[in-house]
Amino acid sequence: MKNLNRILTLACGMAMLGVGCDKDDIDAIYDFGDRETSGKYKYVITATPAGTTGIADYLLSTDQLDNGAITTAGNGIEQDGSYRYYMTHKGRFFSLLYGQGNPGAVTTYRFDSAGSKLLKTSEFQTETVQAFTKVNDELLLIKIPRSGVETASFYRIDALKSQQIGSAAINIVQLAANGERAHFTWATQVGDKVFAPYMSIKGCCNDAFGTVYPDSTWVAVLSYPDLKVEKVIRDNRTSYIGNYFNDGLGVTENGDIYGFSSAIATNTSKVISTKPSAVVRILKGTTEFDKSYFFDVEEASGGHKISAQTYLGNNKFLLMMYGDKHANTGNRKMALVDVAEKSFGWIKGGPEDIQSSSAPYNNNTGSGDGELGYIGINTATGSWIYKIDIKTATATRGLEVQGGKITAITKVEY
Amino acid sequence: MMYLKKLLLLSLLLSLTFTMFAQSGNDATIKGMLKNEQGESLAGASISLPDHTNKTVSDHRGQFQLKGIRPGKRVLIISLIGYKKYQLEVNAIAGETATVNVSMQADMKHMEAVSVIGRTPLQNVQRQAYNLTAIDAKKLHNTTLDLAHALDRVSGIRVREDGGLGSRMNFSLNGFSGRQVKMFLDGIPMENFGSSFQLNNIPINLADRVEVYKGVVPVWLGADALGGAVNIVTSNVKQSYLDASYSFGSFNTHRSAVNAAYVANSGFTAQLNVFQNYSDNDYKVRVQATNLETKQYYPATWVRRFNDTYHNETLIANVGVVGKKYADKLLVGITLGQNYAELQTGARMKTVYGELHRRGNIVMPTLKYQVKDLFVKGLNLSVNGNYNLGTEQVIDTVSRLYNWFGQWEANTKGAERERSLYKFKNNNGIGTANLNYRLNEHHLFSVNNVYTTFNRKGSDELFPENAKYEQPQKSFKNVLGLSYQYDYNEKWTTSLFAKNYNQVNKYAESYNPTGGWGDVAYRELSNKMNNWGYGAATAYFLLPTLQVKASYEKSYRLPEGEELFGDMQLLEGNVTLRPESSNNYNVGASWQTKLNDDHRFSVDANFLYRNATDFIRPTLNRNQIKQSNENLGGITNMGVDGEIRYSFKRIFTAGVNMTYQNLRNNTKFESEQKTVSPTYRDRIPNIPYMFGNADASLFFKNVLKKGNHLTVGYNFQYVHEFFLSWPGQGTAGEKLTIPRQFCQDVNVVYALADGRYNVAVECKNLVNNRNYDNFSLQKPGRAFNVKLRYFISKK
């Protein structure tokens, strides 16, 4: 009986062992109220450790991009989910989860008032979207189905409150009016309108992004905030503007709008565009392409097509060009163009083997005075922020990002 | 003196009959039959006389015969690994045959004292040189465990699940997970069984025992596995029985199972297994629901799950003959089953579904054939085959967005996730053949061949135009194994083996023959792969109570149909996948000891090392929409696991096991990178690396009435906290983790009439710990179950 008592005591002890307190699973959210920003900036670099898959970027913050090194080893904010995209607006840093067909989520961060730490301030649910932009004090998120449903959905988010304040839908098959679907490549606020270039895609048949209309250009002009299609601006001197998840419009200081076409429309994965990769223009205040303006970048570059663009100010754009001639393949090469002068020049001093670079659509890190631009470049031997001297079209190594592939660089006000 | 006493006791327990037959001649003959305590025939025992040169070995019926014995009082020595050596005096009379029937006693002293619940290695399988753990499933037949949860209590094994009954689960063994560990049912690979017949919906009552092979998979199991195998052995009793049970419990969970067999004296046999599981799975979870208007999250609150009903129904029927000359066993059967599962969440609990569900069924004819002493004595053949005609379907047609309160708003997708009524069949077939030849007591030769076919066919009534784009998706695999087992004596056994892996995949690639619009043509392509693997296993009894084992295998695993051709849902196929391979090393020891007759201990310890290359690991496809798999990189794992058990008389038993595995990324350079990977040698994330179980049982005999027994059992499970992502990356202290898990289960079993009627009451997760196996996916809280079981067997 003594033994039995001992056993029972032991059993009770074991039961007690498990009554540990469970940690709460809900993350801490910081509330900064309506604190105004101070006009000061910090940079946020997003980087994915090489070789990791299914894991979102780490958020690294830094005061400068010009020199030194920063690492993801033991440093940086870890994020949930697998793929994320970013935008800064109104002193907030928005991290959008790409939910692979599932509802997405947006996490909002702000720097504390001393600019020392990036803190999570809110989370809200969205759909997984393929294009997003800033309009007034809002974010405009666009979900564009590439097959099945024929409606693109637009969601308006109050950037200060991080909450949805409206939505709209556009039938993209009716918009294309050619039997295919209009797939918005991106959207840009122009005055009180939103200009949304689109590509025409089949949206079916195991070749969703294929098209039989490879030599046309379209920009839908949308009213705001009710998001009605007011007009479609058309052209046929080059192909569609931008690309899937790729911003192809730039607005210069004088209000003119430049559109960049890669001219790489495909059918069954083969490039079938017959027109050259080029820049076209919509003059300020008009909703027509400027027929007097055409910048054949493919010719100017000796046969290379545009992959992506970033505006650096004073009519200067940083272009990433496909390395292989007349094709959408090859390691990217950097070039600088002046769209007003139609001048093209390769950037000197950059690495030969650019495997990938920071996202162009949210890169707001330029010095703003026409002097400097920044781009994150990933190579086989490492990742660096490159500093672009605009006057001399020269790239030099700045901040090294150790361990991670740079996916985006942004400047966040605090 | 002790030894003599034991011998005396032993001989009391042995049944021994002694008969004489008249026979002519000057020499005597001794023949006999060997059985274990369960009455099963013992093959491979060596029988010798110290003053004679002739010796023999018992056949598969446990029979032996020794001729040419000089008349007189002779000592017969019978030995078999795992059993106590037995000596017996026989009076050999010239011209006559002496017959002895011996019941051999297992050489594990604690076994005879106390029923050690759960994970006692069984004698007949433990004799093997492989690193093996066996679960005696019969001792768990009064619980509501399914096979997956029974396995979860074995050291080195971790079963992770997304939620409640029937939810998606992932099985890992020594750091290898998913398809890298092969599942077998009676030696037949389970890879084609579909969602209707899986470890997490098969009740434990279907199994007699479950064998877990760590690292090295014996040739007779066949097939390809990277890091181990689990073999479920169903009841093989050659007698009629009926085992019926029903349980009900929290979350409106109902399960029942009927297992029955009828064996006629003529050898005619009919077997029937029917089981069913149903649960609403409406357990409470703590979540942040969204405001459908503003899309902001409300503060965290407790809500009930509302789209998580699961049920499955399965029937397995076999008819045939047993114990015939032409067929030791010949069974023709069919497995019929279906399952229905609602999907409450996506990969994260932030994604909520209200209508999404899937269905599957299984229609699988089977054939089992075994014959012993084919053509010559000692040559045994078994042939098995099955073909699954079942279908799988995901139904997502409701255009709504739900939140955790069950509220919804219309969306524009035509679906909650991705519009689908896609229905497909994999047309999987498996044929296995196993040939053994025991030359004598020392030498055993085996050949095993497993052939697998896969032929995916599918369509979606919502998108009929896509049918013409459906292309051949076929895969044929053949794994041939050869092995040689050398039993030097009852102390030492060694196996050497080699396996050939062969795979042919056929698929089509689209191209545009003319460059014109919509002109799509396909050309058929095929991939062929051929690899050789090999290994060795050895075991030695240093002391009668101390066995040491070592084994090695260079293993390969061939990619399966779903990895090659996708699952038509979230997994995109990659037809260029190559086999993954691993070098698996194991060293283990097992020791039984006691303080005195009342206090007994057993200790098992294993050390393992794995070095895997060409690892098939998930990545995202080019559009980042779906997951795909790639042959990328490698890992190493240095691990230890061990178990200590204690028993006190027949009243109490307790045990504890722990597993530690040090899985490290061994990919120094990522593809197209010239700098050392930042995660090189970092711990592989999102895999538990330290976990354990503790259990205790109290036995009360003859409670209230003679023959009625009461058992009180307790199980405690622990999983150490682990990182979702690479431990070395990101700011420490702010990283996402899967919190440490505690789970305590208690059960009380009252068995009446020596186990004919049983009533069990269980409480799972006693103190209502909040547990997550996978990041943010909450598992059920405290749950109660009652199980009623009736068992009768004809001796």
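These notebook entries record what I looked up in a predicted model with chains A and B.

**Conventions.** I noted that residues are numbered from 1 along each chain as its sequence is written, and that chains are lettered from A and ligands numbered from 1 in the order in which they are written. As the model is predicted, local features need pLDDT of at least 70 and side-chain atom pairs count only at pLDDT 80 or more, while totals for chains, interfaces and linings use all residues.

**Chain A, overall.** I looked up the secondary structure of chain A and found three helices and 30 strands; helices (H or I, at least four residues) and strands (E, at least two) are DSSP runs numbered from the N terminus. The radius of gyration of chain A is 24 Å, close to the 22 Å that the globule rule gives for 414 residues, so chain A is as compact as a globular protein of that length. That radius is taken over C-alpha atoms, and the rule is 2.2 Å times the number of residues to the power 0.38. I recorded a span of about 100 × 50 × 45 Å for the C-alpha trace of chain A along its principal axes.

I then checked burial: 52% of the 414 residues in chain A are buried (20 or more other C-beta atoms within 10 Å of the residue's own, with C-beta atoms placed from the backbone). Of the contacts in chain A with a separation of 6 or more, 49% are between residues 24 or more positions apart; a contact requires C-beta atoms, placed from the backbone, within 7 Å.

**Chain A, four-stranded sheet.** I traced an open, antiparallel sheet in the order β4-β5-β6-β7 of chain A, where strands pair if DSSP finds at least two bridges between them. Its edge strands are β4 (83-89) and β7 (118-126) of chain A, each pairing on one side only. The twist averages 25° from one strand to the next, with axes being lines fitted to C-alpha atoms and angles running from 0 to 180 degrees between N-to-C directions. Seven bridges link β4(A) with β5 (residues 92-98) of chain A in the antiparallel sense. I located A:F93 in β5(A) as the bridge partner of A:T88.

**Chain A, five-stranded sheet.** I found a further open sheet, of mixed pairing, in the order β3-β29-β28-β27-β26 of chain A. Here β3 (69-71) and β26 (356-357) of chain A are the edges. β26(A) runs antiparallel to β27 (residues 372-379) of chain A, joined by two bridges, and A:S357 stands opposite A:I377 in β27(A).

**Chain B.** I counted five helices and 51 strands in chain B. Of its 795 residues, 46% are buried. Residues 24 or more positions apart supply 64% of the contacts in chain B with a separation of 6 or more.

Definitions and conventions. Buried ≥ 20, exposed ≤ 12 C-beta atoms within 10 Å, placed from the backbone. Contact = placed C-beta atoms within 7 Å.
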